[in-house]
Amino acid sequence: MNDTTRVATQEQAAQRAVLPAVDVYEDEAGITLLADMPGVPRDLLELKVEGDALSIEGGVRAQTPDQLEAIYAEVRVPRYRRTFTLSRELDTSRIDASLKDGVLTLRIPKQAHAQPRRIDVQAG
Amino acid sequence: MYESLLNYPATLFGEFERLRRELDDAFGTSGLPSSIRSVAAGSLPALNIGRTPTSVEVYAFAPGLDASKVDVTLDRGVLRITGERASPLPNPERGKVNFYARERSYGKFTRAIALPDDVDPAHVKASYKDGVLQISVARHEAAQPQRITVQ
């Protein structure tokens with residue numbers, strides 16, 4: 001394989017990605033998202049918010065020894081990518097992210113004014 | 001041997017299974033016999049297996065595990081990975097939490113792979129990094145390629 005074809009294959013690999021499995025739940029203060037991205041180190045993880053779109057993308061770092069010959073593979077695309085549409089009451093400037101053991105945890109808080117308030121009913 | 005793991009038992013989602021098989025046809029992985037230890041597609045953890053001249057390398061894509069609770073055994077040529085993934089999710093019974101996506105799987109899992117006959121069960125190494133469990137099993141020296149000098 002010469003350099004040109006190697007670059008071409010890398011570019012193709014950069015385009016192909018699989019959807020990571022996620023859990024999403026909402027409570028009063030915001031939305032929590034958990035995504036399975038095994039094999040992704042922190043420096044290959046990319047989180048982006050553009051307008052109301054939140055995209056998560058991560059590359060799997062191969063920890064393969066020299067002369068490794070693949071004989072069986074269930075993970076064939078070494079990249080995860082998924083995009084979510086957020087809604088206006090979520091505060092994208094305060095998203096909290098952590099990556100541990102291949103699990104990405106995102107906490108997306110609601111805007112302060114969007115959190116539910118209890119309205120007292122005056123007895124009258 | 002490894003190719004035989006590629007076929008999965010029938011599931012409730014027959015049509016999806018049929019579509020998957022057609023895709024498999026396109027990629028040339030269909031028609032092979034199924035392993036007696038095959039599991040449903042998408043089961044945790046996904047496995048990649050490779051071979052070097054000196055070892056067999058198994059990569060289990062198992063995110064979010066407590067490495068101390070993962071059990072790896074090699075018994076009569078069968079490598080078995082057992083573990084449990086605890087759910088970090090809040091209890092929905094307690095109210096005020098709405099779940100949308102619930103795609104990740106939790107609970108106990110086991111995967112077993114028959115390794116080639118030339119592996120050396122005395123030399124097994126396992127490490128866990130970024131959610132990938134890497135198991136390296138050495139191969140017997142007799143199985144390693146040797147250069148024969150031509151006189």
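This is a predicted model: local features need pLDDT of at least 70, side-chain atom pairs count only at pLDDT 80 or more; totals for chains, interfaces and linings use all residues.
Figure 1. Of the 151 residues in chain B, 40% are buried. Among the contacts in chain B with a separation of 6 or more, 58% are made by residues 24 or more positions apart.

**Figure 2. The hairpin of strands 3 and 4 in chain A.** Strand 3 of chain A covers residues 45–50 and is joined to strand 4 of chain A by 6 bridges. The two strands run antiparallel. Within this pairing, A:Val49 stands opposite A:Leu54, a residue of strand 4 of chain A. The hairpin has 2 residues between its strands. One residue in the turn, A:Gly51, has a positive phi of about 65°.

**Figure 3. Strand 4 of chain A and its pairing with strand 6 of chain A.** Strand 4 of chain A comprises residues 53–59. Because 6 of its 7 residues are buried, strand 4 of chain A is largely enclosed by the rest of the structure. Strand 6 of chain A, residues 79–85, pairs with strand 4 of chain A in the antiparallel sense, over 7 bridges. In this pairing A:Gly59 stands opposite A:Arg79, which belongs to strand 6 of chain A.

**Figure 4. The aromatic pair of A:Tyr25 and B:Phe99.** Over all chains, the structure holds 1 aromatic pair. A pair of aromatic rings is described by the distance of the centres and the angle of the planes. The ring centres of A:Tyr25 and B:Phe99 lie 5.4 Å apart and the ring planes meet at 45°, so the pair is tilted. A:Tyr25 is found in strand 1 (residues 22–27) of chain A and B:Phe99 in strand 5 (residues 98–102) of chain B; the pair therefore joins two chains. Both A:Tyr25 and B:Phe99 are buried.

**Figure 5. B:Arg102 over the ring of B:Phe99.** B:Arg102 lies over the face of B:Phe99, at 4.1 Å from the ring centre. The ring of B:Phe99 also takes part in the tilted pair with A:Tyr25.

Terms used
Residues are numbered from 1 along each chain as its sequence is written. Chains are lettered from A and ligands numbered from 1 in the order in which they are written. Side-chain values use heavy atoms; hydrogens and water are left out. Buried means under 20% relative accessible area, exposed over 50%, partly exposed in between (1.4 Å probe, protein chains only). Contact means heavy atoms within 4.5 Å. Helices (H or I, at least four residues) and strands (E, at least two) are DSSP runs, numbered from the N terminus. Two strands pair if DSSP finds at least two bridges between them. Rings of Phe, Tyr and Trp (its six-membered ring) pair if their centres lie within 6.5 Å; planes under 30 degrees apart count as stacked, over 60 as edge-to-face and the rest as tilted. A charge sits over a ring if NZ of Lys or CZ of Arg is within 6 Å of the ring centre and within 35 degrees of the ring normal.
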